[in-house]
Amino acid sequence: MRPLLTAFRRGRGRLARLAGRPRVHFVYSQRYQIELPGAIYDPQRGERILAFLDSAGLLDRAEVHAAAPAAFRHLRRIHTDPYLDSLSRPETLVRIVGLRLSEALLDRVLDAQRTMVGGTLAATRLALDSHGIAVHLGGGLHHAFADRGERFCCYNDVAAAIAELRSRGVGSRILVVDLDLH
């Protein structure tokens, strides 16, 4: 009888911990996966993180949300119109990305980064709406300024999220955690 009681107590403790575990939302898109020649980053990192969490039993697929491209109104809040217009010129993107790429690949880079901005906005909304934790497995494009991009960052997703929070009336301090996983 004693081993059964001990097992019951352990199981009850595990259930209590699971019930009290905060819900964590993850935002990701396969659009982030771009192979760039000479780039030092893992385009599969989001997939690898989700696979690891899933294999460890730490991921509820219902808590994984797809990112969609940010609306241009979000980009216009933080970037100047002349800068956004300049992104249609290959020379602007070569300066930002640091590589001479085909037009199709440059379009994919812009689409991926616009989707990353959308992912950061989605994670922000999920965290606010759930009063919980949301993790965006992309983004971190904080090297872009209002009138120019730098170091591979065409858009600034962090600034877009903060601008969105401010437009919703959030006046409190905002914590940004950038793990810089290249």
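I began with strand E1 (residues 24-28), which three bridges join to E2 in parallel. Strands here are DSSP runs of E, at least two residues long, and helices are runs of H or I, at least four, numbered from the N terminus. I count two strands as paired if DSSP finds at least two bridges between them. Tyrosine 28 stands opposite alanine 66 in E2.

I noted that this is a predicted model, where local features need pLDDT of at least 70 and side-chain atom pairs pLDDT 80 or more, while totals for chains, interfaces and linings use all residues. Residues are numbered from 1 along each chain as its sequence is written, and side-chain values use heavy atoms, without hydrogens and water.

**The sheet**

I looked up the strand order: E2-E1-E3, an open sheet of three strands with parallel pairing. Strand E2 (64-66) and strand E3 (133-136) are at the edges with a single partner strand each, so one side of each has no neighbour in the sheet. The twist averages 25° from one strand to the next. Angles run from 0 to 180 degrees between N-to-C directions, with axes fitted to C-alpha atoms, for helices over the stretch in contact.

Which helix packs on the sheet, touching E1 and E2? I found helix H2 (residues 45-55), whose direction makes about 150° with that of E1. Contact means heavy atoms within 4.5 Å.

**The cores**

Next I looked for nonpolar cores: buried Ala, Val, Leu, Ile, Met, Phe, Trp, Tyr and Cys residues joined through side-chain atoms within 4.5 Å. Buried is under 20% relative accessible area, exposed over 50%, and partly exposed in between (1.4 Å probe, protein chains only). The largest core has 24 residues, and Tyr155 is among those with the most contacts inside it. Helix H6 (103-130) is one of the elements giving two or more residues to this core. H6 gives the largest share, seven residues. Another core, of 16 residues, lies apart and includes Tyr32 and Leu137.

**The salt bridges**

I searched the whole structure and found nine salt bridges. The test is a side-chain nitrogen of Lys or Arg within 4 Å of a carboxyl oxygen of Asp or Glu. Arginine 31 pairs with aspartate 111, closest N and O atoms 3.4 Å apart. Arginine 31 sits in the loop between E1 and H2, aspartate 111 in helix H6, 80 residues apart.

I then checked glutamate 164 and arginine 77, whose closest N and O atoms are 2.5 Å apart. Glutamate 164 is in helix H7 and arginine 77 in helix H3, so the pair ties together parts 87 residues apart in sequence. Is glutamate 164 buried or exposed? I read 10% relative accessibility, which counts as buried. Arginine 77, at 38%, is partly exposed.
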